[in-house]
Amino acid sequence: MIRPSMQEKKHNFHVRIANVEHEHVIGDSMRMQQIFMNILGNAVKYTPPGGTIEMEINEKTSHIYGYGCYEFISRDNGIGMSKEFQEKLFEPFSREEDSRVSKIEGTGLGMTIARNIARRMGGDITVESESGKGTQFVATLFFKLQDTEAPNTEKLADLPVLVADDDKASGEMTCLILDNIGMKGEYVLSGREAVERVLE
């Protein structure tokens, strides 16, 4: 989908796969496509003709049993963005006021949607950029490993579990995993809330 636009602008596109131990995973391909269409679509839009776009894929240590943690790094040598704009990039309808991009179409919703999808998958998207020097996006995503033998969880069925985590997305993801193995997961966002819930 992105290739014709890259070819039109004569971009150099390189993909590098490093440290990927588990290649067979289960995930939502449509949601992944939405994430990468937004990230790579922006790279193409804001990288001048003849520029370079890179995609690097790394498998990181996962703290969730049966799930792999994957880091997708997109780099370009495009026009970049100011520090001020990076702080509001993931807010709805954000567009930088820059004469270089005033004619480029877009609603300003793409990266908001992409980050929301990543967080619902227990991951996140971060950005580093410098005006005039390019941009790097890092999408961290978790996928169920296809070749992992599932542990026997029958004895855990219907047991209640309280998860305490100050990151809402992590709490939701952990509860989703607990629910999938038959446990009853709930989460709170602080230790104080956890203590209050236990003492109720």
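Is the crossing in which α2 passes α4 left-handed or right-handed? α2 passes α4 in a left-handed crossing; a crossing is left-handed if the near helix is turned anticlockwise from the far one by less than a right angle, and right-handed if clockwise.

All views show a predicted model, in which local features need pLDDT of at least 70 and side-chain atom pairs count only at pLDDT 80 or more, while totals for chains, interfaces and linings use all residues. Residues are numbered from 1 along each chain as its sequence is written, and side-chain values use heavy atoms, with hydrogens and water left out.

**View 1. The whole protein has six helices and eight strands.** Helices (H or I, at least four residues) and strands (E, at least two) are DSSP runs, numbered from the N terminus. Starting at the N terminus, the order of elements is α-β-β-α-β-β-α-α-β-β-β-α-β-α. The protein has 200 residues, of which 38% count as buried; buried means under 20% relative accessible area, exposed over 50%, and partly exposed in between, with a 1.4 Å probe and protein chains only. Of the contacts (heavy atoms within 4.5 Å) between residues at least 6 apart in sequence, 67% join residues at least 24 apart.

**View 2. Helices α2 and α4 cross.** Two packed helices are described by the angle between their axes and the distance between the axes. Here the axes of α2 and α4 come within 9 Å and cross at roughly 140 degrees. The axes are lines fitted to C-alpha atoms, for helices over the stretch in contact, and angles run from 0 to 180 degrees between N-to-C directions. On the α2 side, the contact is made by Arg31, Gln34, Ile35, Asn38, Ile39 and Asn42. On the α4 side, Gly110, Met111, Ile113, Ala114, Ile117 and Ala118 make the contact. By class, these are seven nonpolar, four polar and one charged residues. Ala, Val, Leu, Ile, Met, Phe, Trp, Tyr, Cys and Pro count as nonpolar, Asp, Glu, Lys and Arg as charged, and the others, Gly among them, as polar.

View 3. In α4 (residues 110–120), Met111, Thr112, Ala114, Arg115, Ile117 and Ala118 are buried. After α4 comes Gly122, with a positive phi near 85 degrees.

**View 4. Strand β6 pairs with β2, β4 and β5.** Because nine of its 12 residues are buried, β6 is largely enclosed by the rest of the structure. Two strands pair if DSSP finds at least two bridges between them. β2 and β6 are antiparallel and share two bridges, with Val25 partnered by Leu145 of β6. Between β4 and β6, also antiparallel, there are 10 bridges, and Glu71 is partnered by Thr140 of β6. The antiparallel strands β5 and β6 are joined by seven bridges, and Thr126 has Val138 of β6 as its partner. The hairpin of β5 and β6 has three residues between the strands, and Gly132 in this hairpin takes a positive phi near 85 degrees.

View 5. β7 (residues 160–164) and β8 (residues 184–188) run parallel and are joined by five bridges. Leu162 has Glu186 as its bridge partner in β8.

**View 6. Loop residues His22 and Ile79 have C-alpha atoms close to those of residues elsewhere in the chain.** His22 sits in the loop between β1 and β2 (25–26). Its C-alpha atom is separated by 7.1 Å from that of Leu145, 123 residues apart along the chain. Leaving aside residues up to four places away in sequence, His22 touches Glu59, Tyr70, Leu145 and Asp147. Ile79 belongs to the loop between β4 (67–76) and α3 (83–86), and counts as buried because its relative accessibility is 16%. From C-alpha to C-alpha, Ile79 and Pro48 are 7.6 Å apart, at 31 residues apart in sequence.

**View 7. Lys10 and Asp158 have positive phi values.** Lys10, a residue other than glycine, has a phi near 55 degrees. Lys10 is in the loop between α1 (3–8) and β1 (12–18) and is exposed, at 64% relative accessibility. For Asp158, phi is near 70 degrees. Asp158 is in the loop between β6 and β7 and is exposed, with a relative accessible area of 52%.
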